[in-house]
Structures are given as structure tokens and as C-alpha cells.
Amino acid sequence: MTVTVPTDRARSAAPVRWQPASARAQFAVLTGRSLRGLVADRRLVVLTLVQPLILLVIFSQVFGSMASPDHFPAGVSYIDYLMPAILVTSGITSAVGSGAELIRDMDNGVLTRFRSLPVGLHWILVARAVTDVLRTTAQTVLLLVCAALCFGFDPAGGAWGVIAALALSLLVIASLTWVFIAVGTWVRSARIMQSVSGLALFPLMFASSAYVPLDALPAWLRAVAVVNPVSYAVDATRALALDWPLGGDVLGAVATSLLILAVAVWAAVAGFRRPLTR
Amino acid sequence: MAEPMISTRDLTKSYDKVHALRGVSLDVAEGTVLGLLGHNGAGKTTLVNILATLLPPSGGSAAVAGHDVLRDSRAVRGCIGLTGQFASVDEKLSGFDNLVLIGRLLGASARQARERADELLDTFDLAGAARRLCRTYSGGMRRRLDLAASLVGRPRVIFLDEPSTGLDPASRLSLWETVEALVADGTTVLLTTQYLEEAERLADIVAVLAEGSVVAAGTPTELKSQVGERRAQLSTTRRGDTVKVAEALRRAGFAAVQTPEEGTVSVPVADFEDFAQVVRAVEEAAVPVTGLTLSEPSLDDVYLSLAAKPVAAAAR
Ligand SMILES: Nc1ncnc2c1ncn2[C@@H]1O[C@H](COP(=O)(O)OP(=O)(O)OP(=O)(O)O)[C@@H](O)[C@H]1O
Ligand SMILES: [Mg+2]
């Protein structure tokens, strides 16, 4: 059956309408929105900033006292050894949270609204990623300042070495952030996302060269740690900060991160394009 | 006829095992309102979501303002406003900021977006709560903000999926007035509803959806004359009296139906002449009649007779 509504009431009144927002405007507006969401709750801001500091205190005090000196490179204090690793691993928590945040937006319907607007869907994801990387940047800068002031962090690489290490760790975090955003766009369920994150978080952080040298690990765990991208990232960050010979570490870490980034961005956009089912 | 603003042809949508739409064809002209009625699960939301480019159809075609929903989805989204069945506001922002955000995404300058937001907050009676986070809004306030959000860009086509669910009577009335004003300005509206009163008041054409197909369509008046009939209802206080009244009416040639438990008799009346005859017949019978009401057929009757759920499907 064809339903036809008559045309008798059409008017010519044409209210002023706006031109669609440019890509840059969409990006700016959406990122602004995510950032406001980030700082909306003061308590959360404080917790976010304090969290890596706690990691720093615990690791430097607990593991610092236990770490057997045999495995550690001579002449490097544990805090100098640890800091580059904390730079990378503290960002992992926030990268994992990125996917969860995206799903929260799906669940409360905001994304349905955005999807009915003439907005490039990818900008929603880019805004999310940029926001979370900015958060990580704030966390790690604060972390570095505290480590230098309170824990005597003073690596051989000097200021430039630390800045290079920071930049590299942010690149790694950006690529991991996109990995979890991609997972989020495919699983689309807060509970599954939480389980996936929980499953991924600890192996990523600990089955790596982050906290102890690879030699100190049992063989099977070492095998896992060698293929863990976090190991590359930590080794390279450490080499930059501690002014160790770079070898292929930095290049390898940059290349791996860029590769992961490219694949994850592609997967995330593809996953996000699938229709929302609610 | 001018090009319709909303047009679908043999539109189908299947989920794994469910056929949510089984070939829906409709045309809605600019500046008119199509009211879509249907029981739970009839496919109303599915149809709206396909037209709003949130869901791809499984078969058939659909176009809004001349843009195909699959090939030109961006252009479609540029001229529609959607109020979905489920609220879609950002809980972490205030009502004002929500509307400004949407204005900015639609290309307004910061100032234009703020002005438009204030305007809409006034229209929907939310000015007092404009600066509060939406998390603290009541259900009805959220719904109104959602409606406002779908109007920010002054869209040419508006989809309202059960817009008055959860609104109090005053808000519902003000929603209706807003919709009427929009339509007077040439906006095209597709509205789904469970409230027959709402379809009757707002819609130029009502389509009844059942199990994914349009089973009836027409102006509210047409549909009513198809199904319902005007009836006169007479009430008496004593049981025996209903029988006497019914008999008198049958003698006068009316198909009277008596409901002794309620003490009422009801007869179809086509016109004023019929009505006068009913009164005369009752007068002659000399039985005390305590009440006489005339009831117009309602969309309820349309809805019940056409979209009545088959018994087997009711268990779903
Ligand atoms: N994601 C989905 N997966 C499977 N089936 C679905 C999905 N979404 C909807 N359906 C089914 O499609 C049919 C139509 O659903 P729809 O939401 O369009 O109904 P509706 O008319 O809007 O109902 P209501 O009045 O309850 O809102 C229902 O049988 C529903 O169960
Ligand atoms: Mg529905």
C-alpha cells in the first residue's frame, strides 16, 4: 500500500539555515566537548592526576627495595630505571579507559544524536583520542616534575633525553589509545569492554621489560615480554632518558607504534561506521 | 504533485530472524504531518531510524528531501532533526551547552548557537534549568531538551519517535503547539505515537503499521469513517428499562445494542434525522432515560480494529 500525503500546505518560508561546520570546526567542537567532560567532575580530575603518582611511590619504594642488584645495569638508580617505564605504563591505564568512555557515550545516547547530524563520524573518535592523550600528557608531566623534585630522578640523558622520552611514550600511548577505541567500537558493551581491558591491562604492563630487566624474568614470561609492544616502547624510552646507546630501539618503537596506530585507526573507523543497533 | 519530502518504496528491514519492516511505501509532501501508529514492535522506530540514516535498510529505497538515505546520508543528515525514542543528551553538559554544542556542529557561530539555544530553552520551558547539568534533569525535562535539540538547525524534516512519552499534559500541549507552528512554516514532520489523540490532532495522514506493513492509511476522518460510526448512548437507572428502551428503538428500525449490566443502550446514528428519531422513539416508550450522549468514532476504534495484535503474536 502506498501512502500519500497531499501537498496543499507547502509554504515557501525558508528560515535561515547555517552552512555545515568545516572539518576543523567539527574537530574543535567535539574535542572541546570531550575535554569539558574530562574536567566536569573535580574529584575525578584530582584522582586522575594522583593515580600515576601512587604508582610511582609504590613501585619506587616496594620494588626498589627488593630488586636484586645483579640484574640491574651498574650505575643506574632504580628511580632512573623505573621512570621511563612509569611514563609508558601510567598511560596504558588511560588508553584502556578511552574505549570505556566511548561506550559510555554510546550508552547514554549522545552518539545517536551526533550520528543524526552532518558530522564526520571519524571526528568523534579523533576527539576522544586527542582528549585522552592530552590527559595522559598532563599526568606524565606532573609525574616527571614530582619524580625530579621528590625522588631524585636525574637521568643521564638530561632534559632533552627526558623530553624525547616523553614524546615517544606519548606516541606509544596514542597508538594504544586507538587500539582500545577500536575494541570499543566493535564490542559496544560496557561490561565486555571492562573485561577485555582487565584482561589486557596487567599482561601489557607487567609481562614487559618495564619493571625488571628481561633477564630477570623466567623464560616463558620473557618470551611474552619480547613480543609485547610495551617492551619496545619502554626500552626505547629508557634509552633516550638514560642516554644509553640507542641501537634500533627508538626507530623500532616509532615504527611499531605508527603501524599499530594506522591499523587501529582504520579498525576503529570501520567499527564505528557500523550502525548503532539501539 | 511536487517532489515528496519523505519517500520510501518497498522498504524492508530484517534482523537475524525478525522482519521488522516488510515493504513499506509512503510519500509525505512538504509541510505536512504523517502520523505513524502501531503497537509495540510494529516497526515504527525501525522506520524512523532508517530515514534518519542510523540504520541501513535491507531492501527497497528511501529518500528524504530528495537525498537517498544510503548514497547521500550526509546530505540527509543536513536537513533532518531527530528526536529518537530514547533520550540522547550529554549528561555531563548543561542543557544550554548541549544545544550550543549541536548548533556549533551544525555550523553556527558561537554567538548564533547561543542565541538559538536560549530561544529553544524558552520555547520548551527549560530556561530556569538551562545552566544545570543534564544529569540532574527529570525524565520529562530531558525529553524536552531532546526535542529542543532536534530543532536547533531549523531542519526541513523532523522525525519524532513517540515525542510525548513521559511529558506531563501541559508539556504535551506545548509540544503540539510547537509542532503546529513548525508545520505552518513549511516543516515536514513524521511522528510516531501511541496516543491516538495526538495523531488525530497533528497528523494530516495517519498510517497504521502492523507487523512491519502499512495496513491502513488516510486522513483521520477517512479512517474513522472506514471503521467507526457515530453512536448515541442512552442510560437508564433500572435494568428492566434498558430492555424496554432497546425494544422501542428496534421497533423504530434501529440496530440497538443493550448492555444491561451497565444500564445502557447504544445505537448507530448516521445524521441528525436519525438522532431525532431516537429521541422520539424513547419518548413514546415513556421509560425514564437518565442520560444521552453522542460519541464520535475515535482513532482508538481504527487502531483496535486494524492493528489489533493477532493472538499468536501477543506472546512475543
Ligand atoms: N537490533 C535488533 N535486533 C533484532 N531485532 C530487533 C532489533 N531492533 C528491533 N528489532 C525488532 O524489530 C521489530 C520492530 O521494532 P521497532 O523498535 O521498530 O518497533 P516499534 O514499533 O518502534 O515499537 P515500540 O512501540 O515498542 O517502540 C520488533 O519485533 C523488534 O523486536
Ligand atoms: Mg519504537
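This is a predicted model: local features need pLDDT of at least 70, side-chain atom pairs count only at pLDDT 80 or more; totals for chains, interfaces and linings use all residues.
Local features need pLDDT of at least 70 and side-chain atom pairs count only at pLDDT 80 or more, while totals for chains, interfaces and linings use all residues. Residues are numbered from 1 along each chain as its sequence is written, chains are lettered from A, and side-chain values use heavy atoms, without hydrogens and water.

Start inside. A nonpolar core is a set of buried Ala, Val, Leu, Ile, Met, Phe, Trp, Tyr and Cys residues joined through side-chain atoms within 4.5 Å. Buried means under 20% relative accessible area, exposed over 50%, and partly exposed in between (1.4 Å probe, protein chains only). The largest such core has 71 residues. A:Phe114 and B:Leu99 have the most contacts inside it. Beyond its neighbours within four places in sequence, A:Phe114 is in contact (heavy atoms within 4.5 Å) with A:Leu30, A:Arg33, A:Val119, A:Ile124, B:Leu101 and B:Leu105. A second, separate core holds 37 residues, including A:Tyr78, A:Tyr81, A:Cys146 and A:Met205.

Helix α2 spans residues 42–66 and contains A:Val50. A:Val50 is partly exposed, at 33% relative accessible area. Helix α8, residues 219–227, carries A:Arg222. This arginine is partly exposed too, with a value of 32%. Leaving out residues up to four places away in sequence, A:Arg222 touches A:Leu214, A:Asp215 and A:Leu217. A:Ser209 lies 13 residues from A:Arg222 in sequence and 8.6 Å away, C-alpha to C-alpha.

Chain B has two domains, with bounds from an automatic or database assignment: domain 1 (6–226) and domain 2 (229–296). Their centres, taken over C-alpha atoms, are 44 Å apart.

Key. Helices (H or I, at least four residues) and strands (E, at least two) are DSSP runs, numbered from the N terminus.
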